[in-house]
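Dear colleague,

Please find the structure below, handed over for your use. My notes on what was found in it follow directly after.

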Amino acid sequence: NMYDFVTHTWNTVKGKCPHDCTYCYMKRWGSLREIRFDRAELKTDLGEGNFIFVGSSCDLFAQNIPHDWIVSTLCKMNVHENRYLLQSKNPARFLLSYTEDINRPVVFCTTIETNRFYRDIMNRSPAPEARADAMQRLTKFDRFVTVEPIIDFDLVPLVELIKRCEPKQVNIGADSGHNNLPEPSADKVLALIEELGKFTTIARKTNLARIIQRREA
């Protein structure tokens, strides 16, 4: 339920995400099994005319995900006439041959929850700067950026990072998992929305109201 514009989610790779971000929503279910490829998912009828978030519970493009797991997933996508969302905190891996293996409409997305690199929160994820560098090079595809959970940031550097990605849409949301993240003030969030609105479409998640309402309290 991360995006209201997505009709379905589909996960061929399951288990503990290699990035191990502290706020990962999958951690609410406790200790996860080791990473694995669920071949049974290749028999799933993905239908037609859907917008499917592929890899919603584990990053399909994390650095140590085997190449053949990714290719098998993309080949299955090609069988069904849908639109797909591929989101990763390691978008540099999008730039490999995988883009040539896709013949369906795809939106590439990355998470840039802040311009700062909070090592104790992001663990093994690439730094936000590296994510923006990779997204900037995906010039032939539609791109989204997700700022969720939004973490305290520096306004101008964050806007510049996101702008480099040339996103058609930026999704902004707050932490819904009570992870005690360092959050920005309401004024900073509103300033960010105003600046991003000058060059892209903004999709606010309802959970962002929790931060915005602090300004009105």
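**Findings**

The side chain of Lys89 makes a polar contact of 2.5 Å with the side chain of Tyr23. A polar contact here is a pair of N or O atoms within 3.5 Å; within protein, one atom must be able to donate a hydrogen and the other to accept it, and residues adjacent in sequence count only if both atoms are side-chain atoms.

Please note that this is a predicted model, in which local features need pLDDT of at least 70 and side-chain atom pairs count only at pLDDT 80 or more, while totals for chains, interfaces and linings use all residues. Residues are numbered from 1 along each chain as its sequence is written, and side-chain values use heavy atoms, with hydrogens and water left out.

**Lys89 and Thr111**

Lys89 is found in the loop between β5 (83-87) and β6 (106-111). Helices (H or I, at least four residues) and strands (E, at least two) are DSSP runs, numbered from the N terminus. Is Lys89 buried or exposed? Lys89 is buried, because its relative accessible area is 10%; buried means under 20% relative accessible area, exposed over 50%, and partly exposed in between, with a 1.4 Å probe and protein chains only. Leaving aside residues up to four places away in sequence, Lys89 touches His19, Cys21, Tyr23, Asp59, Thr110, Thr111, Glu113, Ser125, Pro126 and Arg131. Contact means heavy atoms within 4.5 Å.

Thr111, one of the residues touched by Lys89, has its place in strand β6. Thr111 is also buried, with a relative accessible area of 4%. Its side chain is joined to that of Gln87 by a polar contact of 3.0 Å. Beyond four places in sequence, the residues that Thr111 touches include Tyr23, Lys89, Arg131 and Glu148.

Tyr118 lies in the loop between β6 and α2 (119-122) and counts as buried, because its relative accessibility is 16%. The side chain of Tyr118 makes a polar contact of 3.0 Å with the side chain of Arg116. Tyr118 also touches Asn123, Ile151, Asp152 and Pro182, not counting residues up to four places away in sequence. Ile151 is 33 residues from Tyr118 along the chain, and their C-alpha atoms are separated by 9.3 Å.

Asn123, which Tyr118 touches, lies in the loop between α2 and α3 (128-136). Asn123 has a positive phi of about 50°, although it is not a glycine. A positive phi, near 55°, is likewise found in His178, a residue in the loop between β8 (169-172) and α5 (186-196). His178 counts as exposed, because its relative accessibility is 74%.

Pro149 is found in the loop between β7 (142-147) and α4 (155-164).

**Two leucines**

Leu158 is found in helix α4 and is buried, with a relative accessible area of 0%. Apart from residues up to four places away in sequence, Leu158 touches Ile112, Thr114, Asn115, Phe153 and Leu192. Leu32 lies in the loop between β2 (13-14) and β3 (36-37), and at 26% relative accessibility Leu32 counts as partly exposed. Gly15, Lys16 and Met26 are the residues touched by Leu32, again not counting those up to four places away in sequence.

**The chain as a whole**

The protein chain has 6 helices and 9 strands. The radius of gyration of the chain is 17 Å, close to the 17 Å that the globule rule gives for 217 residues, so the chain is as compact as a globular protein of that length. The radius is taken over C-alpha atoms, and the rule is 2.2 Å times the number of residues to the power 0.38. Buried residues make up 51% of the 217 residues. Of the contacts between residues at least 6 apart in sequence, 76% join residues at least 24 apart.

Yours sincerely
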